[in-house]
Amino acid sequence: SSLQHRVRFRPTRLAPPSNAHAFGSHELHRAKPDPQIYLDVATAICVDPAEIVFLDDNLFNVDAAAAV
């Protein structure tokens with residue numbers, strides 16, 4: 001079965017936080033949803049994984065990040 005969900009986005013004037021980070025899987029030499037990719041990011045920015053907000057358009061990747 002396929003997983004479908006709908007999300008509506010509204011434009012905002014919010015700026016990203018000054019401590020925001022973005023990583024590409026090509027930089028980390030891993031692919032989502034490999035749990036190690038989330039741990040590598042946490043290590044790179046010296047933050048506990050529980051303190052990281054992970055955004056993705058794929059629910060499987062979000063679930064994998066939440067499980068770390």
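**Briefing: pocket, ring pair and backbone features**

The lining of the largest pocket splits into 20 nonpolar, 4 polar and 3 charged residues. This is a predicted model. The pocket has a volume of about 830 Å³. One aromatic pair turns up in a search of the whole structure. The backbone holds a cis peptide bond between Lys32 and Pro33, and positive phi values at His29 and Cys46.

**The largest pocket**

- In total, 27 residues line the largest pocket.
- Nearest the pocket centre lie His21, Val41, Ile52, Val53 and Phe54.

**The aromatic pair**

- The search of the whole structure finds 1 aromatic pair.
- Its partners are Tyr38 and Phe54, with ring centres 5.2 Å apart.
- The ring planes of Tyr38 and Phe54 stand at 85°, so the pair is edge-to-face; the cut-off for that class is over 60 degrees.
- Tyr38 sits in helix H2, while Phe54 sits in the loop between H2 and H3.
- The pair therefore ties together parts that are 16 residues apart in sequence.
- Tyr38 has a relative accessible area of 9%, so it is buried; the limit for buried is under 20%.
- Phe54 counts as partly exposed because its relative accessibility is 26%.
- Phe54 also belongs to the residues nearest the centre of the largest pocket.

- Where is the cis peptide bond? Lys32 and Pro33 are joined by it.
- Omega at this bond is about 10°.
- Pro33 is placed in the loop between H1 and H2.
- His29 is found in the loop between H1 and H2 as well.
- Phi of His29 is near 55°, a positive value, and the residue is not glycine.
- His29 counts as exposed because its relative accessibility is 72%; exposed means over 50%.

**The loop between H2 and H3**

- Cys46 lies in the loop between H2 and H3.
- Phi of Cys46 is positive, near 55°, in a residue other than glycine.
- Is Cys46 buried or exposed? With 72% relative accessibility, Cys46 counts as exposed.
- Phe54, the ring partner of Tyr38, is also in the loop between H2 and H3.

Key
Residues are numbered from 1 along each chain as its sequence is written. This is a predicted model: local features need pLDDT of at least 70, side-chain atom pairs count only at pLDDT 80 or more; totals for chains, interfaces and linings use all residues. Side-chain values use heavy atoms; hydrogens and water are left out. On a 1 Å grid over the protein atoms alone, a cavity is a set of points where a 1.4 Å probe fits but cannot get out, and a pocket is an open set with protein on both sides within 12 Å along at least five of seven lines; lining residues have an atom within 4 Å of a point. Grid points are joined across faces, edges and corners, and a volume is the space filled by probe spheres set on the points. Ala, Val, Leu, Ile, Met, Phe, Trp, Tyr, Cys and Pro count as nonpolar, Asp, Glu, Lys and Arg as charged, and the others, Gly among them, as polar. Helices (H or I, at least four residues) and strands (E, at least two) are DSSP runs, numbered from the N terminus. Buried means under 20% relative accessible area, exposed over 50%, partly exposed in between (1.4 Å probe, protein chains only). Rings of Phe, Tyr and Trp (its six-membered ring) pair if their centres lie within 6.5 Å; planes under 30 degrees apart count as stacked, over 60 as edge-to-face and the rest as tilted.
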